[in-house]
Amino acid sequence: MQFCVDLLILDDDRIKEIGPNMACAEWLMKNGAKVRWKGCKEYVRHYDCLPNTTPIHHEQFLIQQVYAGKEASISHLGFSYFKNCKHISEVEFDGCNSISNEALMKLDIMRDYLTSLKIINCVNVSDQGIISLEHLQ
């Protein structure tokens with residue numbers, strides 16, 4: 001099985017081109033997660049449904065919620081995409097087996113704005129990972 005490294009490496013040029021929220025949404029959706037934009041009621045689930053925006057308008061699309069379920073393969077390797085996505089207030093990992101203790105430790109990047117975190121049935125998260133969340137408010 002060949003693993004696609006491109007999905008895990010932070011693409012600074014892409015972030016500059018389309019902004020941190022859109023780049024984060026691309027990474028999340030390419031890896032099976034979904035996002036809800038600030039001001040919208042529905043989640044965007046498929047990468048092809050991302051809005052086409054010009055650099056001037058990309059800031060109108062701000063991620064507010066992230067959901068990663070069983071079909072998602074996000075991991076700590078891409079968590080740097082969360083940097084500068086300052087409107088993400090809710091994150092849910094539900095049966096997401098690619099989430100581990102190391103991933104939870106990296107959630108510190110969202111400590112100033114994350115208000116709700118749900119971790120349900122993630123087999124690679126132990127008590128040690130949960131304890132590492134003490135730095136979150």
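Q: What makes up the accessible surface of the protein in this predicted model, and how much of that surface belongs to carbon and sulfur atoms?
A: The accessible surface comes to about 8,000 Å². Carbon and sulfur atoms hold 49% of that area.

Q: What share of the 137 residues in the protein is buried?
A: Buried residues make up 45% of them. To be counted, a residue needs a relative accessible area under 20%.

Q: Why is Asn101 called buried?
A: Its relative accessibility is 14%, and the cut-off for buried is under 20%, so Asn101 counts as buried. Asn101 lies in helix 3, residues 101-105.

Q: Why does Gly19 count as buried?
A: Gly19 has 2% relative accessibility; buried means under 20%, so the label applies to Gly19. You'll find Gly19 in the loop between helix 1 (12-18) and helix 2 (20-30). Gly19 and Cys85 are 66 residues apart in sequence, with their C-alpha atoms 9.2 Å apart in space.

Q: How many aromatic pairs turn up in a search of the whole structure?
A: There are 6.

Q: Why is the pair of Trp27 and Tyr81 called stacked?
A: The ring centres are 5.7 Å apart, and rings pair within 6.5 Å. The planes sit at 10 degrees, and under 30 degrees counts as stacked, so stacked is the word for Trp27 and Tyr81. This pair links distant parts of the chain, 54 residues apart: Trp27 is in helix 2, and Tyr81 is in the loop between strand 2 (63-68) and strand 3 (90-94).

Q: What makes Trp27 and Phe82 an edge-to-face pair?
A: Again the centres are 5.7 Å apart, but here the planes are at 85 degrees. Over 60 degrees counts as edge-to-face, so that's the label for Trp27 and Phe82. Phe82 is in the loop between strand 2 and strand 3, so the pair ties together parts 55 residues apart in sequence.

Q: How do you know that Trp27 and Phe82 are buried?
A: Trp27 has a relative accessible area of 3% and Phe82 has 0%.

Technical notes. Residues numbered from 1 in each chain as written. Predicted model: local features only at pLDDT ≥ 70, side-chain atom pairs only at ≥ 80, totals over all residues. Heavy atoms only, no water. Buried < 20%, exposed > 50% of the residue type's maximum accessible area, 1.4 Å probe, protein only. Areas by Shrake-Rupley, 256 points an atom, 1.4 Å probe, with all protein chains shown as cover. Helix = DSSP H or I, 4+ residues; strand = E, 2+ residues; numbered from the N terminus.
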